[in-house]
Amino acid sequence: MSNVLKIEELNYKKGGKKILEDVNLKLDSGKIIGLLGENGAGKTTLMRIIAGVNSVSEGVITVNGNTKKILIKENVSLSDHLDGFKATNKISEIVHFYNAVYQDFSITKYEDIANFLGLDMTKKLAALSTGTRGKLVIALTLARSAKLYLLDEPLSGIDSISRKKIISSIIRWKDDDSTIIISDHYVTAIASLLDEVVIIKNQKIRDLIPVEQIQSDYHLGIEAYYEKVYLGEIQ
Amino acid sequence: MEYIENIPIYLQIKDYLEEKIITESYSLGEQMPSVRQLALELAVNSNTVQKALKVMIEEGVIITLRGKGNFVTENAAIVEELKNQIVSETFDSTYDKLHLLKMNNQEITNSFSNYVKQKEKNFE
């Protein structure tokens, strides 16, 4: 299996403050990986660094064999919280924007996902509930055909019915060879999706651990394991 | 489907599919739903479904035909054997536990038979 993502010796500071320290990580393609950590642990920052949005001074990021930021951006689809759009923007305008900006964006794929999720093109951003907005973010992100998808807290604040729909759309539209990283601080909702887990704690990354190893070696569920790691009960 | 958090999901899916095969929800020789259909139905990752199927293929319960998909075996003896195996596994821990209570085989058999009678009564 090839590494879709390789992070070597990454250090990241912001305003003199260490955000991420000595990060090394290699991910095989085709998996769904949970990126877990408390609020403010650096999950979003790490995703933005992987996606080539934030620049790093120290360390090397390789996505699908590419180290140039411009090529990385073509290989990574990072969920966007749509904060750059105006409240009066219609969904159709946002979709057109995505289609213009990303070469790998497929209108047909967007429409399939949007149909499944029940999104209405004519609605304005301001009129969307948190759940519907979350569905829109997922549809836009998955409609690109990237090697690596980064979903930053896709279920945060979302009601359980929308959550189930979003999870189904991830299962349905994930290609076998693409890889998905999902961050969350509420683990249970995504637990059944995950092949492997990465935990960020105190600016550092713990080794990648397969979910099955958590279950068979520690006899724990992901949530319990995560809590024990945070409490320092598992080193 | 609700999963037990600390048991690998592929094993739970394997149990679920075996139950479907034994109870003939998927009958002998029938084509199984696709990996993705199962993944959606069970709300898990395709890799997890694939892993459960892989074990079942190794055990001969499911046959994979290149380009056609996965099928339940046509061999009734394999399914019968699977059922017997699940029955023994179910009894294993009970038997061991009752043995620890120093019950002999006759006592264990009697108590089980009484248990079943009681169940029948409650059902009526």
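For a chain of 235 residues, a compact globule would have a radius of gyration near 18 Å, and chain A agrees with this expectation because its own value is 18 Å. The model is a predicted one. Along the principal axes, the C-alpha trace of chain A extends over about 50 × 40 × 35 Å. Of the 235 residues in chain A, 41% are buried.

The secondary structure of chain A comprises 8 helices and 10 strands. Contacts in chain A can also be described by sequence separation: of those between residues at least 6 apart in sequence, 70% link residues at least 24 apart.

An unreviewed UniProt entry lists residues 5–227 of chain A as "domain: ABC transporter".

One helix pair can be followed in detail. Two packed helices are described by the angle between their axes and the distance between the axes. In chain A, helix α4 (residues 107–117) packs with helix α6 (residues 160–173) at an angle of about 150 degrees, and their axes are 10 Å apart. Because angles over 145 degrees count as roughly antiparallel, α4(A) is roughly antiparallel to α6(A). The crossing of α4(A) and α6(A) is right-handed. On the α4(A) side, I113(A), F116(A) and L117(A) take part in the meeting of the two helices; on the α6(A) side, their counterparts are K165(A), S169(A) and W173(A).

Terms used:
Residues numbered from 1 in each chain as written. Chains lettered and ligands numbered in written order. Predicted model: local features only at pLDDT ≥ 70, side-chain atom pairs only at ≥ 80, totals over all residues. Helix = DSSP H or I, 4+ residues; strand = E, 2+ residues; numbered from the N terminus. Rg over C-alpha atoms; globule rule 2.2 N^0.38 Å. Buried ≥ 20, exposed ≤ 12 C-beta atoms within 10 Å, placed from the backbone. Contact = placed C-beta atoms within 7 Å. UniProt positions renumbered as here; feature names shortened; annotations may be inferred. Axes fitted to C-alpha atoms, helices over the stretch in contact; angles between N-to-C directions. Parallel < 35°, antiparallel > 145°, perpendicular 65-115°, else oblique. Left-handed = near helix turned anticlockwise from the far one by under 90°.
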